[in-house]
Amino acid sequence: MLAILRHYKSLKMNINFTRVNPKSRRLAQSLFVICCALLPWSATAVDQGKLPLDLFTNQTSKDLVERLLVKSLMQIAEGNTKQAMLTVNELIHTTPNFKLAHLIRGDLLSAQARGLGAGAIEPTLIGSSADEIKGLREEARTRIDHYFSADNDRLVPDLSIKMDNQQQHLIVIDIIKSRLFLYKKSDKGLQHVSDYYVSIGKNGADKNTEGDKRTPVGLYFASKKLTTPLSEFYGDGAYPFNYPNELDIHNKKTGSGIWLHGTPKDTYSRPPRASDGCVVLSNPDLRKLQPVLRAGGVPVIISDSIKWVDSNHVLKPHANIEPLNQALFNWRKDWTSQDTNQYLSNYSKDFFYSGGALSEWSAHKRRVQANKPKISVEISNISMFSYPKNKNGKITTQGDIVVVNFDQQYESPTLKNKMRKRQYWKNENNQWKIIYEGAA
């Protein structure tokens, strides 16, 4: 566990302790500085006073498991191994299958046994490989980072968001933080509900090919829970994402079976990089999300380059997507007017659809609109979601992209239909253009 403690030194103590009251902040920072110099789970007492209890008692929004985990590490840093053992035992009682807690307990027992002879030392985790131990340490580091990050419930992703009438929640998965954030719709914009530790692909983000063990970056929609019998490996259930989506297919990305799912009964959680590409939660956390996921169609943004902003300083809901709202209105108006050239000016040169590219789409529309029949087009129940870029700021189709879904009601002398439509709009030189259109 020394690697975890050294992590803070390598970051030059860039931990934000603003959630800690001012009187306790200096002590909390001092404890972590001391941690960096200690041997793993050193029992050497440190004369730095008592732990700031408000670090743990006033963190009602923090996950109980993470509260107990961080509390035990702080107690160890203070040299209070006896109290740390009690805290770890409470943690294990709360989550008996939490391997990281067993690792800490084993190290504490080993430290206590050093004076009793080598034969009394208990192995850290019986049967665990060096890679497994490394993964558990990475999990500890990730959880601690989140615990001490400032105002997680006040920050929101800097994304263009507009939910339709049925959508009440949005899920954002920050791959860098190994964290799933749940938000609900409100009159003031996104409102933080909860967040949970997650594991993602063994090889990180930006999935491209089948079997690359990466988690995709993009906007997806979570389907209803699979009802077919699944292996115990998937825990309390699995919710498929629509990977590959339309843009993924256009960019020739391959693979399938990207799910949000749980863990086996003997495993509380997995290391941050442990899946074959799926997003994995603990079973208790997955159960907490079930009421949100039950209906299906929940939008999920997965990104490794999220910009977080203070919710008190963001624009009013939809204010940052008004130009796109206007572009969508103009597209509908131009289609209704049957001015084919003006209508096609709404489409990017990079446009694609199931039947081909812009040339095929243009030929089809000119053929249909040749006689300029009188038509009616109404759109309603609109949703808009920014499409995330990867950490290099690159996607195959350059420019800011927003995915727009809406109900379309079309009527002409020969046809009348209603459908749910999906368009991808791209900002090209401050003008919104359609790069994809099809059924949602």
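Mentor: Then the angle needs defining: axes are lines fitted to C-alpha atoms, for helices over the stretch in contact, and angles run from 0 to 180 degrees between N-to-C directions. Also keep in mind that this is a predicted model.

Trainee: OK. Helix H12, which strands does it lie across, and at what angle to S14?
Mentor: H12, residues 358-368, lies across S14, S15 and S19. Its direction is at about 90° to S14.

Trainee: What's the strand order in that sheet?
Mentor: The order is S2-S16-S17-S18-S19-S14-S15, 7 strands in an open sheet with mixed pairing.

Trainee: Which strands stand at the edges, then?
Mentor: S2 (161-162) and S15 (356-357). Each has a single partner strand, so one side of each is left without a neighbour in the sheet.

Trainee: Switching topic: S3 and S4. How many residues are between them in the hairpin?
Mentor: There are 4 residues between them, and Ser178 in the turn has a positive phi of about 50°. The strands, S3 at residues 169-174 and S4 at residues 179-186, run antiparallel and are joined by 6 bridges. Val172 has Phe181 in S4 as its bridge partner.

Trainee: And what comes between S4 and S5?
Mentor: That is a hairpin too, with 2 residues between the strands. S4 and S5 (residues 189-197) run antiparallel, joined by 8 bridges. One partner pair there is Leu182 with Ser194 in S5.

Trainee: Last one, H5. Which of its residues are buried?
Mentor: Thr81, Ala84, Met85, Thr87, Val88, Leu91 and Ile92. Down the axis of H5, the buried residues fall within an arc of 165°, so they line one face of the helix.

Trainee: What do they pack against?
Mentor: Helix H4 (64-78) and helix H6 (99-113). The face of H5 turned away from the buried side carries the exposed residues Lys82, Leu86 and His93.

Trainee: How far does H5 reach end to end?
Mentor: H5, residues 81-94, reaches 19 Å from its first C-alpha to its last, close to the 20 Å expected for its 14 residues at 1.5 Å a residue.

Terms used: Residues are numbered from 1 along each chain as its sequence is written. This is a predicted model: local features need pLDDT of at least 70, side-chain atom pairs count only at pLDDT 80 or more; totals for chains, interfaces and linings use all residues. Side-chain values use heavy atoms; hydrogens and water are left out. Two strands pair if DSSP finds at least two bridges between them. Contact means heavy atoms within 4.5 Å. The expected span of a helix is 1.5 Å times one less than its number of residues. Buried means under 20% relative accessible area, exposed over 50%, partly exposed in between (1.4 Å probe, protein chains only). The arc is that of the directions from the helix axis to the C-beta atoms.
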